[in-house]
Amino acid sequence: MSVKYGILTLLYKQKNHGYELKLELDSLLGTKAKINPGQIYTTLDRLIRDQLVSSAGMDQQERKVYELELKGKEELEKWLLEPVPYNTSKEDFFFKWSCARKIQFHDEQQMLEQQKTLIIQEVMELTQLKTEFLFEGDETKYLLTTGMLFHLDADLNWINQVVNRNR
Amino acid sequence: MIEVSNLQKEFLNGQESTQVLKGVNLNIEEGEFIAIMGPSGSGKSTLLQLLGGLDVPTKGEIEIDHTPIHAMKEKERTVFRRKNMGFVFQNYQLLPNLTVEENIAFPLHADGKLTKENIEWIHELTRSVGLEGLNDKRVNLLSGGQQQRVAIARALANHPTVLLADEPTGNLDRARAEEILVLLSTFHRKNKQTIVMVTHDIFAAGFADRIILFKDGIIDQVISREDSDYAKYLANFMA
């Protein structure tokens with residue numbers, strides 16, 4: 001996840017001030033993420049330095065307003081068109097499991113079962129959330145949650161495969 | 001709405017008898033979406049067949065809206081079933097040479113109820129399951145997901161008291177299954193449709209208000225999200 005591209009996205013259609021950017025970025029990132037406000041301002045400073053964003057004065061409540069520069073617009077569009085490489089070995093549980101195998105961890109089974117329980121809990125909670133998004137008409141959040149569930153499906157199948165092969 | 005007490009079912013195979021249901025007690029409220037999960041042979045599909053009046057119990061009682069269906073004669077049961085039950089099966093069970101609209105309207109034809117208002121209702125159902133424009137297409141030319149949509153619309157044609165679905169997504173990939181579950185969920189939410197769905201799939205069961213775990217012919221556990229340890233229990237059950 002990149003705060004840089006999140007900010008460029010939020011400034012694409014309209015100017016905005018830092019606090020509103022933080023709130024919208026939380027919402028853009030979905031259900032569980034929260035951004036540290038400090039991270040927003042340091043990123044904005046960097047974006048100004050790189051001439052992707054500029055300061056557009058103050059609003060009526062004396063808050064500094066930011067706007068997207070042409071260079072920032074081009075940078076965002078270029079990024080949007082870049083396919084995202086898959087690098088599953090970096091995912092936490094795959095790494096943790098690889099470490100467990102490396103040391104022939106005696107509780108691998110329990111580790112897998114606990115992960116499975118966590119996935120099932122996520123499936124139940126996300127399915128409920130997904131239907132809320134669906135009936136609220138929030139198509140983007142509905143589709144994102146569906147995507148997360150498809151990933152969990154794959155993870156659950158993988159854990160079942162490991163458990164079966166360990167038997 | 002549905003009250004089941006001490007339900008038992010025994011199947012005879014020559015000299016041997018197998019007790020598939022061993023005393024099931026269950027209450028389902030009006031407007032609830034219930035998922036029944038369990039291993040193959042645990043009796044979950046048999047329970048669904050008894051709830052739908054497709055078969056009779058060896059012992060025990062089933063009341064649907066205070067009507068005791070276990071005590072009905074076959075003919076009476078058939079009439080009750082046509083009027084009050086909608087069925088969706090894993091393999092769709094459509095009439096392959098009939099069109100989408102003819103299949104959806106079939107339960108009304110069978111009851112001689114095809115009035116002008118009913119035809120409008122069939123059109124509305126066809127639209128609500130996303131098959132607008134395909135009314136005159138023969139169902140054997142449709143994809144699996146589309147055929148299951150027809151089956152759902154057909155099951156709802158009679159405004160059933162209960163919709164019973166036996167592995168409705170069992171033949172579909174994850175994306176098509178999602179469309180079917182969204183449809184069921186929509187009818188549940190918007191029309192307060194009572195649904196009882198048998199599934200082996202936790203991703204389908206997640207749509208339900210309550211999950212009933214079935215094992216060896218009895219209810220092992222009733223799961224609701226309010227229980228603190230429900231995920232652990234589900235994970236153990238699915239192991």
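In this predicted model, the centres of domain 1 and domain 2 of chain A, taken over C-alpha atoms, are separated by 32 Å. The domain assignment of chain A places residues 3-80 in domain 1 and residues 88-166 in domain 2.

Two helix pairs were then examined. Two packed helices are described by the angle between their axes and by the distance between those axes. Between the chains, helix H6 of chain A (residues 108-136) packs against helix H6 of chain B (residues 174-191) at an angle of about 70°, and their axes lie 11 Å apart. Because angles of 65 to 115 degrees count as roughly perpendicular, H6(A) and H6(B) are assigned to that class, and the crossing in which H6(A) passes H6(B) is right-handed. On the side of H6(A), the contact is formed by A:Lys130, A:Thr131, A:Glu132, A:Leu134 and A:Phe135, while H6(B) contributes B:Glu178, B:Val182, B:Ser185, B:Thr186, B:Arg189 and B:Lys190. Sorted by class, the contact of H6(A) with H6(B) comprises five charged, three polar and three nonpolar residues.

Within chain B, helix H5 (residues 144-156) also packs against H6(B), with axes that come within 9 Å and cross at roughly 15°. Since angles under 35 degrees count as roughly parallel, H5(B) and H6(B) are described as roughly parallel to each other, and their crossing is right-handed. Here H5(B) supplies B:Gly145, B:Gln148, B:Arg149, B:Ile152 and B:Leu156, whereas H6(B) supplies B:Arg176, B:Glu179, B:Ile180, B:Leu183, B:Leu184 and B:Phe187. By class, the contact of H5(B) with H6(B) holds six nonpolar, two polar and three charged residues.

Technical notes. Residues are numbered from 1 along each chain as its sequence is written. Chains are lettered from A and ligands numbered from 1 in the order in which they are written. This is a predicted model: local features need pLDDT of at least 70, side-chain atom pairs count only at pLDDT 80 or more; totals for chains, interfaces and linings use all residues. Side-chain values use heavy atoms; hydrogens and water are left out. Axes are lines fitted to C-alpha atoms, for helices over the stretch in contact, and angles run from 0 to 180 degrees between N-to-C directions. Helices (H or I, at least four residues) and strands (E, at least two) are DSSP runs, numbered from the N terminus. Angles under 35 degrees count as roughly parallel, over 145 as roughly antiparallel, 65 to 115 as roughly perpendicular and the rest as oblique. A crossing is left-handed if the near helix is turned anticlockwise from the far one by less than a right angle, and right-handed if clockwise. Contact means heavy atoms within 4.5 Å. Ala, Val, Leu, Ile, Met, Phe, Trp, Tyr, Cys and Pro count as nonpolar, Asp, Glu, Lys and Arg as charged, and the others, Gly among them, as polar. Domain bounds come from an automatic or database domain assignment.
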